[in-house]
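User: Could you take me through this structure, please? I would like to begin with how it is divided up.
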There are 2 protein chains.
Amino acid sequence: MRLSDKNIARSFPALITRQTAPDNLEFPFPSLDSFLTPNEQFFVRTHFEVPDLDASRWRLKVEGAVARPFDLGYQELVRMPARTTTALLECSGNSRVFLKPTELGIRWEQGAVGTAHWTGVPLVDILDRALLKPEAIEVILEGSDKGGFHPPHPKTPGVISYARSLPLDKAKQSDVLVAYQMNGEELSAEHGCPVRAVVPGWYGMASVKWLKRILVVDRPFRGFFQTFEYSTWLRQGGLPDLVPVTEIEVKAQIARPALNEVVPADANYRVFGAAWTGNGEVTTVEVSTDGGENWTRATLLDHSVRYAWRFWEHCWHTPAKAGRYTILARATDDQARTQPMERDEDRRDAVINHVQRIVVLVR
Amino acid sequence: MRLSDKNIARSFPALITRQTAPDNLEFPFPSLDSFLTPNEQFFVRTHFEVPDLDASRWRLKVEGAVARPFDLGYQELVRMPARTTTALLECSGNSRVFLKPTELGIRWEQGAVGTAHWTGVPLVDILDRALLKPEAIEVILEGSDKGGFHPPHPKTPGVISYARSLPLDKAKQSDVLVAYQMNGEELSAEHGCPVRAVVPGWYGMASVKWLKRILVVDRPFRGFFQTFEYSTWLRQGGLPDLVPVTEIEVKAQIARPALNEVVPADANYRVFGAAWTGNGEVTTVEVSTDGGENWTRATLLDHSVRYAWRFWEHCWHTPAKAGRYTILARATDDQARTQPMERDEDRRDAVINHVQRIVVLVR
């Protein structure tokens with residue numbers, strides 16, 4: 001007897017494994033179809049082994065340049081006034097596989113990105129309770145995940161925790177959360193169980209998982225994950241100056257057709273994708289189906305949600321002539337920021353938002 | 001006919017070659033005998049190929065956060081009021097060969113250090129002429145030497161100039177020079193011809209050679225040579241924080257006996273060396289000839305010269321019994337800073353001033 005489709009339970013396309021030990025798993029972006037990414041399909045970025053934490057024993061320390069240091073447990077946190085924020089998280093290395101020349105780091109294609117509802121307590125409420133001292137300028141978020149590094153980093157500081165800082169103005173935005181739910185469910189182990197930060201508008205490295213400490217400091221933090229990792233070069237008078245990666249850059253991605261997809265000749269094809277920006281709203285997506293010579297406005301779907309992606313579509317009448325064709329999409333936001341056509345090499349391995357070239361085969 | 005000693009011209013011991021292309025050459029420290037290091041014996045630290053510059057065509061640009069940007073030539077510089085500063089320069093990687101576990105970088109023994117008279121124009125006079133704007137906080141010194149990097153640096157900014165910044169308070173110290181003479185001679189190509197910076201009290205990386213531009217900036221500079229290179233980790237609440245290498249740490253070095261020297265048993269041996277500190281005066285050098293159990297004060301020789309080394313000696317009556325013995329020296333300065341016995345691993349590949357163990361063979 002042959003199994004028919006209806007006898008088989010529907011399953012999601014599997015995450016693409018980019019690394020094991022520690023796990024780094026990618027959402028198969030060509031399968032994009034829902035505004036909220038299912039928890040099981042949300043990309044996983046880990047730097048060290050996933051900590052095995054028990055919510056009933058978890059404590060969060062709040063200390064440093066504060067008048068009233070304190071710590072709190074999980075039950076105390078969930079009894080505080082909660083807020084739900086919708087936010088896209090994108091790894092700052094997303095699309096690294098498109099870089100020429102290649103850079104070190106995980107070779108993400110397009111799927112190190114996802115959107116979820118996040119529920120938790122505004123970070124600012126916790127900071128207010130600790131009473132910041134006047135000299136406070138940054139807030140370091142420290143995770144429970146830790147480990148050492150091997151080459152290629154010649155100057156690693158031994159065994160360290162994952163940690164990242166926010167300047168005070170960002171830390172005080174009410175949609176920055178100390179979160180314990182993702183799409184209405186408790187956080188799974190790989191997404192930060194029991195508690196993580198969620199920093200809307202910034203690349204994912206700021207949304208520290210397995211949060212264990214909030215350390216308020218009076219001088220700028222230059223930790224490993226904002227110098228050796230998750231940093232780019234900016235120029236001061238022509239000289240490269242190392243700056244931490246922060247806000248998400250405007251970007252459109254094509255979900256369908258996928259890279260190297262075979263599409264029928266002389267037919268209508270629905271080009272479909274998502275677009276987003278860090279702090280603002282996507283106002284335009286343009287599509288080119290001839291390698292960048294001519295551009296047409298795509299149709300933006302649904303309504304815009306701050307800090308989330310917005311889907312778009314474009315009807316492409318495919319060429320009659322078989323061959324390779326290059327499809328591009330380019331987003332612009334309400335602050336007139338648009339995607340560059342070429343890669344800025346000073347960004348090295350991070351913040352990859354130049355227009356991507358999706359080559360397809362027309363048959 | 002056999003050559004007798006008096007028929008042969010005296011020569012200096014050769015510099016030890018640590019690297020060619022680019023040249024990195026070390027003073028053979030066991031030959032130490034003069035307060036001023038002869039120019040030909042002064043250690044050479046280069047990051048890129050030595051620039052071939054012509055003083056008659058050289059220009060220095062002064063720009064950035066200044067009200068009156070200008071540039072000047074060599075003749076104009078040498079006609080300005082000059083000052084001579086005596087200063088020791090030590091590479092922040094000096095003694096790297098003693099590190100366990102080993103670190104990447106040039107394996108200097110003890111000779112990436114030297115003392116010279118430097119003549120030039122105080123940097124502050126040049127800054128005054130440019131009229132700093134109120135927002136100025138750092139001064140970047142840029143050299144004419146430039147190039148690219150290969151692994152092991154995964155995140156290098158392409159082809160860059162050598163550049164280093166000074167905070168304004170250091171830049172304004174009157175003994176910080178834009179120098180054109182070394183021990184009364186014009187600078188040789190490898191020491192920065194025609195003009196270099198000399199920053200007394202700081203490790204050598206601040207004394208930028210082949211100076212071509214002084215760029216005043218209004219935010220802290222995080223260039224390659226003060227983040228990926230020439231930096232150490234400091235802890236903020238236990239978390240490693242990347243800070244640039246700056247001031248020279250207190251240190252005594254033993255010139256004689258040399259490491260693995262064979263010394264006669266049951267005899268008087270003159271242990272001899274030099275000691276220095278960054279901003280202060282060496283007040284004590286102690287010597288141990290039994291691996292660190294007992295310590296005796298060494299005799300400080302001559303008088304103390306700020307920013308220079310001071311020689312010291314200690315008469316050691318060597319053991320009657322043949323074997324391996326470990327000699328140590330430890331300096332303390334007038335701010336009660338003393339050398340640590342053990343290496344602080346957070347310093348990684350730089351700032352190496354823990355007490356060195358000189359093992360000798362008594363026969």
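Analyst: Domain bounds come from an automatic or database domain assignment. On that basis, chain A is divided into domain 1 (16-244) and domain 2 (251-362). This is a predicted model, in which local features need pLDDT of at least 70, side-chain atom pairs count only at pLDDT 80 or more, and totals for chains, interfaces and linings use all residues. Residues are numbered from 1 along each chain as its sequence is written, while chains are lettered from A and ligands numbered from 1 in the order in which they are written.

User: How many Å separate the centres of the two domains of chain A?
Analyst: The centres, taken over C-alpha atoms, are separated by 28 Å.

User: And how many residues are in contact there?
Analyst: In chain A, 27 residues of domain 1 are in contact with 21 residues of domain 2. Contact requires that the C-beta atoms of two residues, placed from the backbone, lie within 7 Å.

User: Which element gives the largest share of the domain 1 side?
Analyst: E6(A) does, with four residues. Strands (E, at least two residues) are DSSP runs, numbered from the N terminus.

User: Changing topic, how many residues of chain A are in contact with chain B?
Analyst: 33 residues of chain A are in contact with 33 residues of chain B.

User: Which element gives the most on the chain A side?
Analyst: E15(A) gives the most, five residues.

User: What are the classes of the residues on that side?
Analyst: The side of chain A that touches chain B has 17 nonpolar, eight polar and eight charged residues. Ala, Val, Leu, Ile, Met, Phe, Trp, Tyr, Cys and Pro count as nonpolar, Asp, Glu, Lys and Arg as charged, and the others, Gly among them, as polar.
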